[in-house]
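Visitor: I'd like a quick tour of this one, please. Could you show me what we have to work with?

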Amino acid sequence: MHIRPYPAAGHKLASLRALTPDEYGCVCAWAIAEQWSGLRKGSVLRSEEFSDILGLPGHSSFAMSEGEDAPVIGFGQIWQSPNGRSNLVRILIDPGLRGRGHGKQLCALLLAKALALATDREVYLRVRSDNLPAIAVYRSLGFRDLEAESHPHVLVMVLVAPACVAGTVPILE
């Protein structure tokens, strides 16, 4: 398996960078519109919690843009859980830019970083079972369903990378 990043159709090659404080409001609005979970179990994210979510232990946050000074078009986190798992979490694309390949590009970039951190070449994620576009993206990148850890509203998925590709980005055709 050969691995490399790719640009979304008709777009420049995007990269990951730090989310700047002046972008928090924009990304937070996207997250609230998607009814992200808040800091307490069963709660929905409130804007005042967003900076706390960025600082959760074991979480690394990334903005995706088509240049250092370009606007953020996606956001995601990698969480190194206490049990040692590498997880992709809180993946989000600007709602006005969905359906153009940015989600797949963001996931591929996050996946490369997560694989570099993974001790066992496995990367996990959880996705709402009704989010069929996201599930299709994850499956196209090689994630498979983990039925034993899933439940009716949340699908748990895992990608197990061959040793030769850990820390690289999947080719996305």
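Guide: Before anything else, pLDDT is the predictor's confidence in each residue, on a scale from 0 to 100. You'll want that in hand, as this is a predicted model.

Visitor: Fine, so what does the pLDDT of the chain average?

Guide: Of the residues, 87% score at least 70. Helix 2 (residues 50–54) has a mean of 91, and strand 6 (residues 144–145) reaches 97. Over residues 1–5, though, the pLDDT is below 50, and where pLDDT is low, the predicted coordinates should not be read in detail. For the chain, the average is 87.

Visitor: On to the fold. Which strands are the edge strands of the sheet?

Guide: The open sheet has seven strands with mixed pairing, and their order is 1-2-3-4-5-7-6. An edge strand pairs on one side only. That gives you strand 1 (15–17) and strand 6.

Visitor: What angle does the direction of helix 3 make with that of strand 4?

Guide: Helix 3 packs on the sheet, and among the strands it touches are strand 1, strand 4 and strand 7. Angles here run from 0 to 180 degrees between N-to-C directions. For helix 3 and strand 4, the angle is about 160 degrees.

Visitor: Now the largest pocket: which strand gives the most to its lining?

Guide: The largest pocket holds about 1,700 Å³ of space. Elements that each supply at least two lining residues include helix 3 (102–117), strand 5 (122–128) and helix 4 (132–140). With seven residues, the top contributor is strand 4.

Visitor: How many charged residues are in that lining?

Guide: The lining of the largest pocket has 46 residues, with Trp36, Arg90, Arg126, Val127 and Arg128 nearest the centre. By class, 20 are nonpolar and 15 polar. The charged residues number 11.

Note on methods
Residues numbered from 1 in each chain as written. Predicted model: local features only at pLDDT ≥ 70, side-chain atom pairs only at ≥ 80, totals over all residues. Heavy atoms only, no water. 1 Å grid on protein atoms, 1.4 Å probe; cavity = no way out; pocket = protein on both sides within 12 Å on 5 of 7 lines; lining within 4 Å. Points joined across faces, edges and corners; volume = space filled by probe spheres on them. Helix = DSSP H or I, 4+ residues; strand = E, 2+ residues; numbered from the N terminus. Nonpolar A, V, L, I, M, F, W, Y, C, P; charged D, E, K, R; others polar. Contact = heavy atoms within 4.5 Å. Pairing = 2+ DSSP bridges.
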